[in-house]
Amino acid sequence: MILDVTNQPVILRIAAIFFATVFLQHSAAIAKQPRKPNIVVIFADDLGYGDVSCYGATQISTPNIDRLASQGMKFTDAHSAASLCSPSRYGLLTGQSPWRLHKKGNGYRLSPDQPTIASFLQGHGYTSAAIGKWHLGYSKDWNKLPITGPLEVGFDYHFGVPTNHNDSSRAFIENHDLVGRKPGQKYRIVKGKDFPEGLAEPRVEDQVDSTLTEKAVAFLRKNAADPFFLYFTPCAPHTHVTPAAGFRGSSTAGLFGDHVQELDSHVGTILQTLEELNLAENTVVIFTSDNGSTPKDFKGTNGVRLNLADDSGDIRTKFKTAKEDAKKLGHVTNGPWRDGKGYAYEGGHRIPFIARWPGRIDAGSSSNCTINLTDLFATTAELVGSDLPKDAAEDSFSLLPVLLGKEDRIADREAIFVQGDGKDSSVAVCTGQWKLIVRYGSDSDQGHELYDLSNDRGETSNLADQHPDVVKRLVSAFEQAEANGRTRH
């Protein structure tokens, strides 16, 4: 049969067949393109190296975190960006070492023009959520809406606690406003009053992490069809130590151990949700902590009247001594490392770090590579197959070659640099074997301290006088990093 190509209906049929074929081929090509991996970062609050059973805890059981380690890679030489909450979170999200800001204490803030992991991923088609403790600043006047914060630095959804669940705000913030604001009334924190004015629903301390987990699960379910980034930051086991009633008495490390076990349960809920949604195989899950634990209880808010759903287990008394009680019961919160939160010694910033990506990261693997939480930005960029912006993530190196078993170490990096305290007077320079505490400012008269961690995990013998060459080399590395304004090449 000969087609009459001058006949208009024939021409239209041929054109339709042609375009349909092209469309189907194009659709098939798109279908073959692998979806970018989802990314979930679970960032615990004041969880020490020794608080997790797969890192040595014997009186606390963390089966869900342990399962994550058995299915992925556990790091034994991971460090937070700082030994305090706010600068540590700043370092993770920006990829910049917080010591560069020479800022004291916990008052770190993100500005809208500052690149973050969230804003970077937003530019690559990801939907991002910051759910949990924020501690990186909002606009100052909460009676002038919108309250700006996470949504201005790249996140699409936010439900959070301003600093931690013992802060004086006693409130949650969702997106741009307080949760439970009384219509027509000003929100005010009034000295001498238990709860702020203008707030109909003060936070319930023993339900904070349950609420945050519910919000995280809802975000996962809503955004399952497209790539997402979940920055999930529960408050446990930060003071106040207020586990939900169902977890009280569940550990043999007192109320503190119970709080860690509640945290583990919430981790399990996140993992289970990913599995139910058939997302586990294409989701990189990272579990870690913002800094080491505090071996002693914080007395500053012990006079606060707790807002609890359940008073059982003598919690109103026991929360005041929970960490000291855990120590008396034999629990060592930071494992073999010296001191804890707020110090330049290892207990202040050596943290649990576990990464899982089924089929890509070897199950049950471990690494002693020295890493810093600032590295998550560059790792994220390599995961999505993109270069980092030149003006971002100055101190971030991709962990992906180590995670995939291609490298044992991060190429061209001799040391990491950790903000060691809240006084802006020390930086920990860590190489794996050697640990130098560079002291300056108000602590400069104390001199530098050098430890050989391969033989002295407790940092008991200062070897600075015996190894002046090592001190000189590491001081020079720090000075060069500061002068260059970056460590990333």
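**Second largest pocket**

I began with the lining of the second largest pocket, whose residues divide into 7 nonpolar, 4 polar and 5 charged. I noted that this is a predicted model. The pocket holds about 270 Å³ of space. I looked up its lining and found 16 residues. Nearest its centre lie Ala378, Glu382, Ser396, Phe397 and Ser398. Which helix gives the most to this lining? I found helix H10, residues 375-383, with 3 residues.

**Largest pocket**

I sorted the lining by type: 6 nonpolar, 7 polar and 5 charged. Helix H8 (residues 322-328) supplies the largest share, 3 residues.

**A sheet and a helix**

I then traced an open sheet of 4 strands. Its order is E12-E13-E14-E15, and the pairing is antiparallel. Which strands are at the edges? They are E12 (416-419) and E15 (449-452), and each pairs on one side only. I noted an average twist of 20° from one strand to the next.

I reminded myself that strands of a sheet pair through backbone hydrogen bonds. I then checked E13 (residues 426-430) against E14 (residues 434-439) and counted 5 bridges between these antiparallel strands. I picked out Ser426, whose bridge partner in E14 is Arg439.

Last, I asked what lies across E12, E13, E14 and E15. I found helix H12, residues 468-484, running at about 60° to E14.

Conventions
Residues numbered from 1 in each chain as written. Predicted model: local features only at pLDDT ≥ 70, side-chain atom pairs only at ≥ 80, totals over all residues. Heavy atoms only, no water. Helix = DSSP H or I, 4+ residues; strand = E, 2+ residues; numbered from the N terminus. Nonpolar A, V, L, I, M, F, W, Y, C, P; charged D, E, K, R; others polar. 1 Å grid on protein atoms, 1.4 Å probe; cavity = no way out; pocket = protein on both sides within 12 Å on 5 of 7 lines; lining within 4 Å. Points joined across faces, edges and corners; volume = space filled by probe spheres on them. Pairing = 2+ DSSP bridges. Axes fitted to C-alpha atoms, helices over the stretch in contact; angles between N-to-C directions. Contact = heavy atoms within 4.5 Å.
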